[in-house]
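This report describes a single protein model. The sequence and structure are shown first.

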Amino acid sequence: MKTPRILVTGAAGFVGSHTVDLLLAEGCQVMGVDDLSTGRMVNLRSASQSPHFRFVRADITGPAILDDLCSGFTPDAIIHLSGLVSVVRAQEEPDLNYRLNVHSTQLVAEAARRHGTRRVVFASSAAVYGDHPDLPLSESVFPHPISLYGTAKRASEELLLGHATSFGMETICLRYFNIFGPRQDPRSPYSGVISIFSERFAAGQPVTIFGDGSQTRDFVSVFDIARANVIAATRPGLSATVCNVCTGAPRRLLSVLDVFRSAYPEAPEPRFEGARPGEIQHSCGNPERATDRLGFRAEASFETALRDFIESTRPVPAPAEAPMLAVVR
Ligand SMILES: NC(=O)c1ccc[n+]([C@@H]2O[C@H](COP(=O)([O-])OP(=O)(O)OC[C@H]3O[C@@H](n4cnc5c(N)ncnc54)[C@H](O)[C@@H]3O)[C@@H](O)[C@H]2O)c1
């Protein structure tokens, strides 16, 4: 069987680098492109050792970049993960949000069409649902994003579905829920609560809970996200679709806090502050369509994945100082 050739945009990012690692482990040839605006080469340390991986540093919205990549590499699929991931910055800079989160998708879709790449997998988001009351959220509900970031993700989905209808392309839009795991940048304003907790607990600093901690989220391990991406890019016979990538099992913020507190029993007490205006109280996706259409199901146990993550981010204690040797003259 022919070795799949996969182009990954945003390859040096949190999701991108785990996706590249898994593609390589599954025997694919991988080309990664990233402008390193938020991604880091250290994330690709292991991938860079592979003879099956090539990396190009470039802004994919630059002239002819995607054409050059597609004509040189001839990918079977493109996994489009690059984008402006900060919801706050997207709100502050709508033109930048449009260029990185909508225009880039159009460029990917058109480069794929021109170069005969049949399949495009796209990193969409639960943000397309906005604050929808019908939980768990199914793909059949009408999306109503409440941020420019969510709107851009929704527009990108439509652009890709238009390419599927018009040109027979296989465009698979994956609506990720709350992702956590190694390599997530805790300083990013988009970063999830788990990576912020991990940084603060590791530094011995108190965490702040906004509201009473009863809010719930559908947390998905980045390893499951990478697996969904790889299935969507490589499984034969898939047709155009939009699917949630979630667990369907919401967790309360207080139960996440408990896991951290048991890992760091000496940590200072958390602070509680008033709920942030506009914050969604509950979020949970329905995972059934991804199982039906892609054969994907989130497998990581939340507690185990969270404990593994906490251990991976725990500071390494400094070695005990060597005893002073007496100098005998
Ligand atoms: N992390 C989450 O919880 C989450 C949830 C839903 C959706 N998403 C989506 O998943 C995708 C990956 O997110 P992430 O968390 O890995 O973020 P990330 O910032 O770690 O990764 C994005 C990568 O894209 C690169 N990039 C940005 N603009 C580029 C451009 N024009 N050309 C080339 N490279 C560019 C960045 O340098 C970075 O490496 C994004 O599209 C994001 O919107 C993430």
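This is a predicted model: local features need pLDDT of at least 70, side-chain atom pairs count only at pLDDT 80 or more; totals for chains, interfaces and linings use all residues.

**Nonpolar core**

The largest nonpolar core has 44 residues, and Val8, Val20, Leu174 and Tyr176 touch the most other members. Elements that each supply at least two residues of this core include strands E1 (5–9), E4 (77–80), E5 (119–125), E6 (170–176) and E11 (241–245). Helices H1 (14–25), H7 (222–234) and H9 (288–294) each supply at least two residues as well. The largest share, 7 residues, comes from H7. In soluble globular proteins, nonpolar side chains tend to be buried together.

The surroundings of Val8 can be listed in detail. Leaving aside neighbours within four places in sequence, Val8 is in contact with Gly16, Val20 and Leu23, with the run Val30, Met31, Gly32 and Val33, and with Ile79 and Leu81.

The whole structure holds 8 aromatic pairs. One of them joins Phe180 and Phe302 edge-to-face, with 5.6 Å between centres and 75° between the planes. Phe180 belongs to strand E7 (residues 178–180) and Phe302 to helix H10 (residues 302–313), so this pair ties together parts that are 122 residues apart in sequence. Phe180 is buried at a relative accessible area of 2%, and Phe302 counts as buried at 7%.

Phe302 also pairs with Phe219, here in a stacked arrangement, 5.7 Å centre to centre with 20° between the planes. Because Phe219 lies in strand E10 (residues 219–221) and Phe302 in helix H10, the pair ties together parts that are 83 residues apart in sequence. Both Phe219 and Phe302 are buried.

Elsewhere, ring pairs link Phe197, Phe201, Phe260 and Tyr264 into a cluster. Tyr264 also has the charged end of Arg314 over its ring, 4.6 Å from the ring centre. The charged end of Arg175 sits over the ring of Tyr129, at 4.9 Å from its centre.

**Second largest pocket**

The second largest pocket contains about 500 Å³ of space. It is lined by 20 residues, and the closest to its centre are Pro4, Ala233, Thr234, Arg235 and Pro236. H7 gives the most to this lining, with 5 residues.

**Ile209**

Ile209 is placed in strand E8 (residues 208–210) and is buried, with a relative accessible area of 1%. Not counting residues up to four places away in sequence, Ile209 touches Phe197, Leu253 and Leu257, together with Pro270, Arg271, Phe272 and Glu273. Phe197 is also one of the rings in the cluster described above. From Ile209 to His18 the C-alpha to C-alpha distance is 29 Å, and the two are 191 residues apart in sequence.

**Backbone features**

A cis peptide bond joins Leu135 and Pro136, with omega about -5°. Pro136 lies in the loop between E5 and helix H5 (148–167).

| Residue | Phi | Location | Relative accessible area |
|---|---|---|---|
| Thr74 | about 45° | loop between H2 and E4 | 46% |

Technical notes. Residues are numbered from 1 along each chain as its sequence is written. Side-chain values use heavy atoms; hydrogens and water are left out. A nonpolar core is a set of buried Ala, Val, Leu, Ile, Met, Phe, Trp, Tyr and Cys residues joined through side-chain atoms within 4.5 Å. Buried means under 20% relative accessible area, exposed over 50%, partly exposed in between (1.4 Å probe, protein chains only). Helices (H or I, at least four residues) and strands (E, at least two) are DSSP runs, numbered from the N terminus. Contact means heavy atoms within 4.5 Å. Rings of Phe, Tyr and Trp (its six-membered ring) pair if their centres lie within 6.5 Å; planes under 30 degrees apart count as stacked, over 60 as edge-to-face and the rest as tilted. A charge sits over a ring if NZ of Lys or CZ of Arg is within 6 Å of the ring centre and within 35 degrees of the ring normal. On a 1 Å grid over the protein atoms alone, a cavity is a set of points where a 1.4 Å probe fits but cannot get out, and a pocket is an open set with protein on both sides within 12 Å along at least five of seven lines; lining residues have an atom within 4 Å of a point. Grid points are joined across faces, edges and corners, and a volume is the space filled by probe spheres set on the points.
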